[in-house]
Structures are given as C-alpha cells and as structure tokens.
Amino acid sequence: MTVRSTWPWLVGMLVVACTSFFLKRSDIYLLSLCSVYLMATYGLNLTVGYAGQMSLGQAAFLGIGAYIGAILMTKAGWPFWCVLPVAAIVCFVVGLVIGFPALRVQHHYLAFATLGFNVLVFLALRNEEWLTGGTFGIANIPRPTLFGYPLDTEFRFFWLTFASLGVLMTLLWLLLRSPWGRAFAALRDNPIRAESLGVNITAYTLFAFAIGAAAAGIGGVYYASLVQFVEPGPFHFSTSLMMLLAVIVGGAGRFFGPLLGTVVIILLPELLRASTVPALQFMQKWYLVAFGVAVVLLMVWLPGGLLSLGDRWRRGRVGQ
Amino acid sequence: MSEFVQLIVSGIATGSIYALAALGFTLLWQAAGVINFAQGEFVMLPAFGMLICVSFGMPLWLAFLVTCAVAMLVLGWGFKVAIVDPLIRHGVIPLVIATLGLSIAAKSTVRAGYSALAFPFASPFPEGQFALAGVTLSYADVGTLVLAGGIVVALQAFLNRTVTGRAMQAVAQNADAARVLGIDVKRMVLYVFLINAVLAVVTALLVTPTYLAKFDMGDAIGQKAFFAAIIGGFNQTRGALLGGVLIGVLENLVGFYVSPEYKEGVALVLFLFVILFKPEGLLGRSEERKV
C-alpha cells in the first residue's frame, strides 16, 4: 500500500463526510453507524485479512464494547472518555483468550469456535437481566462531551465518530507498515516458514485476535452512544457473518477492502430501505438474496474480493 | 428417576436428529473435502418444500418423496455442479465463504418470497404417550429414535457391506488410489452429495414438528450438526453419531437440571473443550498436518 494509491480513498471518505453538511438527520445517523461498523470491520480485516485467521465472532466484541459502554455510562455514570479505554482493554483480553483455540485449530474449525463464542455472548447478554437488562436492553445512554462542548446532535456526533475512525485507521496503517504488519502477513502466508524465521507465531496469532477485538470494542462504545440504546439483537452471530463477508467481499488483506464491503452490507440496504420509490423498496426485500448469490459468484470469479479487480485488470494489460 | 430416563430417551431422540445432519456433513468432508456452512439451510429448504407440497393437498409421505427427489436434484447434484465443482480447486476457505453466501441467499429467499413467519408442521408420528416399565415415553420420541437410528444403521451397512459403499469409503480415504483401482471417483462423490440431500430431507421431516418451519430454523440445526461432527471426530462416521447423541442428551439434562436459558450453549462448551484438548474429536484419528 503506497501513499499514492491511498489518497483517492481518503479524499473520497472526506467528500462523503462533508456531505453531512447537507444531509438530513437520519442520513447523518446512517453515516455514523457506518463509521462504527467500520471500526469493527477494520479490526476484523487485521485478524482475517492480514493475519489469515478465521473469525465469526466480531459482533460479540462489538457487543461487549457496547454493553460496557452502556452499563458504565448509565449505571455507573462514567464519562465516555474513561469508558473507551476500559472497553478496549477488556476486549483485548477477551480477544487474547479467544485466540487460544486458533493455536490448536485452523480455518473452518476456528470459524465455528469463534461463532460458538459469539452465540455464548449473545445468550449471556439476553439472559443475565440483572446486568444487561435482557431483551429490554439498556436505554438513555448519554452522548459524550468534549472539553465541555456537548456532542449531542447527530451532526456533531458524526464528526466525532468519523474523526475517531480516522485515528483508528491511521493507527492500524502504522501497525501494518511496522515489522508487526510483516509478521502478520508471514503468519498468514506460511506459518511454518514464519516460525523458522524466528517469528513468534503464538504471540502474533493471539495479538491478531486481541487487536482486532479491541478495535471492535471501541466501536461498541461509539455504537452505544450513537444509538443511545443497546439490546442483544444487533450482536447476534449473523452480524459477525455479515462483517466477515464485508471484509472478504471488499478484499481481505487490502486496507480499503472493509470500506467497500461495509458500503455493500450496511449503507446500500439502508438506503434501499429508506427510499420511497416502489422499485427500490422491492429491491430492498430481495437485497440479501442478491447479496448471497453475489458472494457465491464472487468466490467463483474473484476470490480476492472486489478490490482485486484492479490488480486483475492491470495484470491482464501487462499480459497483452 | 423416571423423569431422568425420560430426559435421556428424548435426548437421544433429538440427538439422533442432530446425528443425521452431522452424518451428511462428515460424508461431504470425507469424500469431497467440502465444509458446507449451508447445511442448516439444506434442512430448512426441504421443510418448506414439504410444507408447500402438503398445502397442495398431498399426504405427508408423498410430500416427503417428492421433496426427496427435488432435493437430490437441487441440493445434491445442483449444489455440486454449480458451487462445489468450480470452487473446490481454490481450497477450503473460498468454499466456506461461498456456502455462507448460499445460506444467506437461501434464508432471504424464503423470507422474501414465502414468509417470515413460523409454520406448524405435522409430525409423522401419532401424538400421545405410553408407559413402559414405569417410564412415560412419547410416540414422537420413540418414532424419531427408531427412524433416525434405522437410517444410520442402514447407512453404515451400506457403507461397510456393499461394493458401492466400500468404493465410496475408498474414495474418502484416498481418491487417487481409488482411481487407480478402477473406481469411478466422480460418480462416488456425486452419490455422497445425493445421500447428503436425502439425509437433510429426513432431518427436516423429524426436526420441523418441534422447531417449526421458519426461514432461520437452519441456524440452530446447522450449528448442532457441525458441533456434533467435530465433537465425535470429523473423519469418522461413527463420531457424528456419538457427537449428536451426546449433545442431545446433555442439552436435555442441562435444560432441566441447570438452566433452560443456557441449553443452547451446551454444544458450544462441549465443542470448545474438545477442540482445546482433543481437536481430532472423541473418536477421531489425528490427521497428518499438510505443509
């Protein structure tokens, strides 16, 4: 990933963000929601795309972050900025623990192990009413203030979320350009060779999960503050599944893959839902069908994801 | 005591349903190297198939046969030709992702095209209970146990005692060697896909009366099937059986004695323990790790 190929994406993100000056409240809310999910999918891209581990449990980390945010901000009255590191650290530690099965098993086993973890977290969120409010959830989660300046409107909160996403992406980018990033790629491409070259694959496997989980945990706190209400529903394993597909559809192991994938899985269906044109509403009903079929076709024709299209095109031209 | 025996019996009955779905899973993995994440939807679709047939006035047995035929064509042959054959050369993960996509497509098709509601489904067995040696048993449990058990035994006999069955096992063990011996590998692999489709329809017949026909009913059954397969040992057909029954019984016991809310978590915890301490499964042999 060179700096030159990066700036069109950054400009694109900024342009989309600047449309928030003209959008109505519900659309700005949608952009914030996208940013929140992007924090989680960027974490997942590190785990899945760069370190090559399978994970179907990312929604559980988002949920843990969101509930930590909800509980600490409503029941304990903690400020947003103190909750953020707590959620990140808790998810980091849980991510380390979830990484342990990855040391024993790979691929589909790991997919089901992480999926199992997600189902357990979902059951706990739904059943431990004394803490999580069960299916009723937790309401009235406050929006944060920054140096006494309230970030309570959709517009202000969007810019906070967007800026935080930018910080998170920058940190991940720096991480991936450091020797750590090379170690993650080595772990993905050939773990045995990586180990023979002195890469501690145990530590890097665990950290791949832990860092990915911490990013989702941070996203979770923003989620709680954005929606101002949490219930177990959004943290079902089907969300994990969609996040994994977002990463893979966009292009696993490509820095801007999750950006494209999240547009496909979050933004497009929501825009179709919100539209008043009957034809578009009809499309909304069948959107997931088309999406599922598209995933199958994509795997057949373009296993590297949408962003590998550019590579293939370039390779084709060189070939001629 | 009698309630304990009842829990065990109905647990084994439920477990044998899981085992049926898990059996298809392991067969596909052994013979074709396919992990089917849409296995749950392979059960859900026939359930709706039978529901639609019955709504056209067919008796249940006819609906079952018609659905079997359609399932063999679509979920057996069609699945193999349209999805597995083009993808198998890319390795396990693209196929896993493709079957995840397939599962989303199948669920959303039923939800958007048919209904998002849960539909009751007639049990193939009579209602009511009977007492045997002081233990009350329901006809449905016993019938499920007999039918599922019978199918598993028949399948084992087919795999171990017939020429075709042994040829299929040979393909599962070493496709190249089997080809050298003159076995038609492609045909044997196709048979496995057809058997998987039929097993899915039988699973649907047995499980839908309790689960109800709903677009997302496959989530639970697909997971249980996979967990059962792993717990028992992925490279052993007997393993699927043991895993399924173990999950069914433990779920019943935990649901009754410990906490009904966490009944769904039993399979997961068991599964996590197995992959941490004996990743090849309880009955499985460890496979050579390929570099």
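Modeller: Happy to; we will start at the interface and then move on to the ring pairs and charged pairs within the chains. Please keep in mind that this is a predicted model.

Let us begin with the contact itself. Chain A brings 40 residues to it and chain B brings 42 residues. Between them, chain A and chain B bury about 3,600 Å², and carbon and sulfur atoms give 80% of that area. On the chain A side, the residues that lose the most area to chain B are H108(A), Y109(A) and F112(A), which together make up 19% of what that side buries. The polar side of the interface can be told in two counts: the rule finds 0 salt bridges across it, and there is 1 residue pair in polar contact between chain A and chain B. If you want to trace the chain A side by its elements, look for helix 4, helix 5 (107–127), helix 11 and helix 13 (278–301) of chain A, each of which gives two or more residues to the side that touches chain B. Helix 5 of chain A gives the most, with 13 residues.

Over all chains, the count comes to 33 aromatic pairs. One of them is Y67(A) with F235(A): their ring centres are 6.2 Å apart and their planes stand at 70°, so this pair is edge-to-face, as angles over 60 degrees are. Y67(A) sits in helix 3 (residues 58–74) of chain A, while F235(A) is in the loop between strand 4 (229–230) and helix 11 (237–250) of chain A, so the pair links parts of the chain 168 residues apart. Both partners are buried: Y67(A) has a relative accessible area of 3%, and F235(A) has 1%.

Another pair is F92(A) with F207(A), where the centres lie 6.0 Å apart and the planes make 40°, so the pair is tilted. Because F92(A) lies in helix 4 (residues 80–104) and F207(A) in helix 10 (residues 201–227) of chain A, the pair ties together parts 115 residues apart in sequence. Here F92(A) is partly exposed, at 26% relative accessible area, and F207(A) is partly exposed at 26% as well.

A charge meets a ring at R143(A), which lies over the face of F157(A), 4.7 Å from the ring centre. R143(A) also belongs to a network of salt bridges with R25(A) and E154(A).

That brings us to the charged pairs, with 12 salt bridges over all chains. In chain B, D219(B) pairs with K107(B), and their closest N and O atoms are 2.9 Å apart. D219(B) is buried at 17%, and K107(B) is buried at 13%.

Helix 9 of chain B also holds K224(B), which forms a salt bridge with E264(B) at 3.3 Å between the closest N and O atoms. K224(B) is buried, with a relative accessible area of 3%, whereas E264(B) is partly exposed at 36%.

Conventions. Residues numbered from 1 in each chain as written. Chains lettered and ligands numbered in written order. Predicted model: local features only at pLDDT ≥ 70, side-chain atom pairs only at ≥ 80, totals over all residues. Heavy atoms only, no water. Phe/Tyr/Trp six-rings, centres within 6.5 Å; stacked < 30°, edge-to-face > 60°. Helix = DSSP H or I, 4+ residues; strand = E, 2+ residues; numbered from the N terminus. Buried < 20%, exposed > 50% of the residue type's maximum accessible area, 1.4 Å probe, protein only. Lys NZ or Arg CZ within 6 Å of the ring centre and 35° of its normal. Contact = heavy atoms within 4.5 Å. Buried area = accessible area lost by both parts, 1.4 Å probe. Salt bridge = Lys/Arg side-chain N within 4 Å of Asp/Glu carboxyl O. Polar contact = N/O pair within 3.5 Å; in protein donor to acceptor, adjacent residues only side chain to side chain.
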